[in-house]
Amino acid sequence: MKVVTISPTNILRLIAAGAFGLAIAGCDFPADSGSSPQPVESDDAAEDANPAPSPAEDDVPTPSQPVSLPHGAPGALQEKTARFEASLGVTDASVVAPLMRFPVQSGPAFLNSQIFMFGGGGYNYGGGEVYENPNTGQENDPVNFDYPWRDNFCEVRTRSNGLCAAGVGHHGQDIRPATCDNGANLAVAPEDGFVRRVGATHLVEIYGDSGLVYKFLHLDRPLEPGIAKDARVVRGQPIGRISNKTGAVSRSTTVHLHFEIWHGLASGGVNLGAGPLPPYSSLVEAYLDLVDDNPDQFDPVLPPADVQECRTP
Ligand SMILES: [Zn+2]
């Protein structure tokens, strides 16, 4: 991981006020995000200056290199998906949940927009303000299940969010599991904690021991065994099946996990209600941890999944 210098933002003020740790994502972003400003300045120029190996060293087996996960920069939203057309999301690369486990059990997984990619319905903001999805086609389009990942924390929504330029945003990150099969993939607990809220149809909230709150949307019912309000959960424990469910009956989204990180908690488990934190860089770091531990399953250079249809197991 690179060591980077952080530009001060309101995110850091939030972090300073919170009880959680801080690490920094060191990312090499793909060329297609080159128009976006770099969120951080590297101060590791010496480390980057890679001297050519001597001929003798060429014969020495080199240890495996860190995997580069193809992903856009934090805040580099898909074009025309923010309320202010050209605005960025949160560009600060701070990792707000440095110890969390990636919240999908199996790989690969893909971070991108649910409503503005294939199978998505666009967004009706209200008052005649409509955002159409330029990607017409089916949810099983391989592009939905390919890299680079894209941040969509500040994608257009009506939810109040002072971290986004428009003052409103999405509050979370949409994550597609390996395929669009409804209910085939499990969401898991990001850290040890308690289930504190279980919605009637598709919501689960976990209050982590670190003080962070994790919100999961679109989890089918029934949830996994033992998952109920006030149940103790451990990091990596299956919580529920990732689905396209938004209510008791309707199935109007694509199959994906909507994932949010909030802070924080006072003692006694009271949510201070300070608002959602940008989860993107934390998800990148958490996924890279899985790649390190299990490169065969989570290798991000796998070809796009062969998604034939969206099935229900
Ligand atoms: Zn979402």
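In which loop is His-171 found? I located His-171 in the loop between strand 9 (168–169) and strand 10 (173–176). Strands here are DSSP runs of E with at least two residues, helices are runs of H or I with at least four, and both are numbered from the N terminus.

**Basis of the entries.** I worked from a predicted model, in which local features need pLDDT of at least 70, side-chain atom pairs count only at pLDDT 80 or more, and totals for chains, interfaces and linings use all residues. Residues are numbered from 1 along each chain as its sequence is written.

**Overview.** I noted five helices and 20 strands in the protein chain. Of its 313 residues, 42% count as buried. A residue is buried if 20 or more other C-beta atoms lie within 10 Å of its own, exposed if 12 or fewer, and partly exposed in between, with C-beta atoms placed from the backbone. I then looked up contacts, meaning residue pairs whose C-beta atoms, placed from the backbone, lie within 7 Å. Among contacts between residues at least 6 apart in sequence, 72% join residues at least 24 apart.

**Positive phi.** I returned to His-171, a residue other than glycine, and read a positive phi near 75°. His-171 is buried because 26 other C-beta atoms lie within 10 Å. Lys-80, also not a glycine, has a positive phi of about 60°. I found Lys-80 in the loop between helix 3 (55–58) and strand 4. Lys-80 has 13 C-beta neighbours inside 10 Å and therefore counts as partly exposed.

**Core.** I looked up the largest nonpolar core, which has 60 residues. Such a core is a set of buried Ala, Val, Leu, Ile, Met, Phe, Trp, Tyr and Cys residues joined through C-beta atoms within 7 Å. Ala-187, Phe-216 and Tyr-287 have the most contacts inside this core. Helix 4 gives the largest share, eight residues. Phe-216 touches Ala-187, Val-204, Ile-239, Gly-240, Leu-257 and Phe-259, leaving aside residues up to four places away in sequence.

**Ala-189.** I placed Ala-189 in the loop between strand 11 and strand 12 (193–198). Why does Ala-189 count as buried? The reason is that Ala-189 has 25 C-beta neighbours inside 10 Å. Ala-189 and Val-234 are 45 residues apart in sequence, yet their C-alpha atoms are 6.6 Å apart in space.

**Cis peptide bonds.** I recorded a cis bond from Gly-107 to Pro-108, with omega near -10°. Another cis peptide bond joins Tyr-147 and Pro-148, where omega is about 0°. Pro-148 sits in the loop between strand 7 (129–131) and strand 8 (159–160).

Terms used. Contact = placed C-beta atoms within 7 Å.
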